[in-house]
Amino acid sequence: MGKQQSKPSKTSKNNNSAPSTPSTIEHQKVYKPHNYYDPLPPPNSKIFYYKENRRYPNLSNVNYLYPVDDNESDRIQDHHYIYRYIWDNNFSAPVHDLLNSHGSQILDIGCGPATWTLEVATEYQRSRFTGIDIAPTYPIHTKPHNVEFLQANILNGLPYADNTFDYVFCRFMIFAFTLKDWEFVIKEITRVCKVGGYVEFMEKNIQFWNEGNFTKKARSWFAEELRTKKNVETIISPKIQQFISETKHFSEINHAERCVPIGEWGGNIGKFYEFIYKWGAKNLKKAIKDCGNSETDWDLIVDKCVKELSENNGYDKVHRIWAKKEEFQPDMESKVIEEK
């Protein structure tokens with residue numbers, strides 16, 4: 001299930017400036033998932049620009065900080081396998097029976113190269129899976145019979161009717177949305193989820209345990225840079241719970257977390273996670289430069305932080321948050337249940 005995406009031409013690679021007019025991805029109609037009488041439109045691969053041989057989306061209301069290319073897709077896939085190992089599963093919501101039911105509709109928000117979508121769809125072949133993303137890095141032709149993909153920008157609203165999906169899954173979007181975006185996204189996810197269906201989020205905060213003095217200062221600086229210059233919140237898991245609660249559709253919100261070691265002290269998983277962490281941090285170079293900081297300095301900061309975390313037996317935590325949608329009640333108060 002490999003990635004299929006257009007490669008930049010030689011002239012494209014040398015073009016280090018974004019097009020003068022950003023593109024948009026807007027759908028003028030409402031789609032029904034897996035409606036074979038009304039095929040989905042083909043993806044538009046002309047929404048990108050290239051800077052220093054990396055590919056980025058050029059969309060008017062998109063704040064995504066990472067590149068969108070093969071290198072980043074490979075990192076996302078490796079990320080998936082680390083977290084699946086840490087959790088020993090692909091989801092925490094109690095949806096096993098639902099996924100085994102014939103015709104259940106599942107939506108993956110920001111599916112990227114669709115590793116999660118393809119893996120879960122292969123395991124649960126009675127359900128129907130839809131993955132959406134602004135960038136068509138998902139497989140366009142070779143995919144399971146119960147999977148479809150739509151190029152869509154959730155910030156323009158999801159092109160689906162209310163109460164369409166039985167389960168909506170969203171992860172790894174901390175560097176894709178501003179705080180205002182998150183509030184809108186969670187409202188949209190709630191809108192298209194059926195009453196009785198589940199929503200689930202998986203994110204990690206930019207937060208470490210057993211961090212040293214240098215890492216603490218660097219993390220605080222990084223968080224402040226992103227908040228003030230990119231409107232990105234780096235401690236996002238409590239905000240996700242808050243925005244879910246504010247929809248007044250969820251009386252219970254479930255939260256669980258897992259610790260992930262960084263460095264040799266954590267064995268093979270710690271060494272691999274250290275490698276992935278450095279890879280991800282260095283793929284943020286453009287965002288760091290956009291904030292007016294040196295790329296060389298950033299490389300040195302990342303290397304020193306990871307070294308310090310490894311020496312101090314440092315780790316971070318990944319969070320899952322899930323909830324069952326109920327009928328709207330204006331006075332509903334959500335109770336957070338901490339799961340082990």
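**Packing of helices and strands in the predicted model**

In helix α4, the buried residues are T115, W116, T117, L118, E119, V120 and A121. The model described here is predicted. Helix α4 spans residues 115-123, and because seven of its nine residues are buried, the helix is largely enclosed by the rest of the structure. The elements against which these buried residues pack include both helices and strands: α2 (70-87) and α3 (96-99), together with β3 (105-109), β4 (128-133), β5 (147-151) and β6 (165-171).

The strands β3, β4, β5 and β6 belong to an open sheet of eight strands, whose order is β5-β4-β3-β6-β7-β9-β8-β10 and whose pairing is mixed.

Helix α2 touches β6, β7, β8 (252-261) and β9, and its direction makes about 105° with that of β8. Helix α7 lies across β7, β8, β9 and β10 and runs at about 10° to β9.

A further pair of strands forms a hairpin. Strand β1 (residues 48-51) and strand β2 (residues 54-57) run antiparallel and are joined by four bridges. Y50 has R55 of β2 as its bridge partner. Two residues lie between the strands of this hairpin, and E52 takes a positive phi near 50°.

Two helix pairs were examined for the geometry of their packing. Two packed helices are described by the angle between their axes and the distance between the axes. For helix α5 (residues 179-192) and helix α7 (residues 237-246), the axes come within 9 Å and cross at roughly 45°. The two helices are therefore oblique to each other, and their crossing is right-handed. The contact involves L179, W182, E183 and I186 on the α5 side and K239, I240, F243, I244 and E246 on the α7 side.

For helix α8 (residues 267-282) and helix α10 (residues 295-311), the axes come within 10 Å and cross at roughly 155°. This angle makes α8 roughly antiparallel to α10. The crossing of α8 and α10 is right-handed. From α8, the contact is made by E274, K278, A281 and K282, and from α10 by W298, D299, V302, D303, V306 and S310.

The cysteines were examined next. A disulfide is a covalent bond between the sulfur atoms of two cysteines. A search of the whole structure finds zero disulfides. The cysteine sulfur closest to that of C193 belongs to C170 and is 13 Å away, which is too far for a bond. C193 is buried, because its relative accessible area is 0%, under the cut-off of 20%. C291 is likewise in no disulfide, and the nearest cysteine sulfur, in C305, is 16 Å away. C291 has a relative accessibility of 5% and therefore counts as buried.

Notes
Residues are numbered from 1 along each chain as its sequence is written. This is a predicted model: local features need pLDDT of at least 70, side-chain atom pairs count only at pLDDT 80 or more; totals for chains, interfaces and linings use all residues. Side-chain values use heavy atoms; hydrogens and water are left out. Two strands pair if DSSP finds at least two bridges between them. A disulfide is a pair of cysteine sulfur atoms within 2.5 Å. Buried means under 20% relative accessible area, exposed over 50%, partly exposed in between (1.4 Å probe, protein chains only). Contact means heavy atoms within 4.5 Å. Axes are lines fitted to C-alpha atoms, for helices over the stretch in contact, and angles run from 0 to 180 degrees between N-to-C directions. Angles under 35 degrees count as roughly parallel, over 145 as roughly antiparallel, 65 to 115 as roughly perpendicular and the rest as oblique. A crossing is left-handed if the near helix is turned anticlockwise from the far one by less than a right angle, and right-handed if clockwise.
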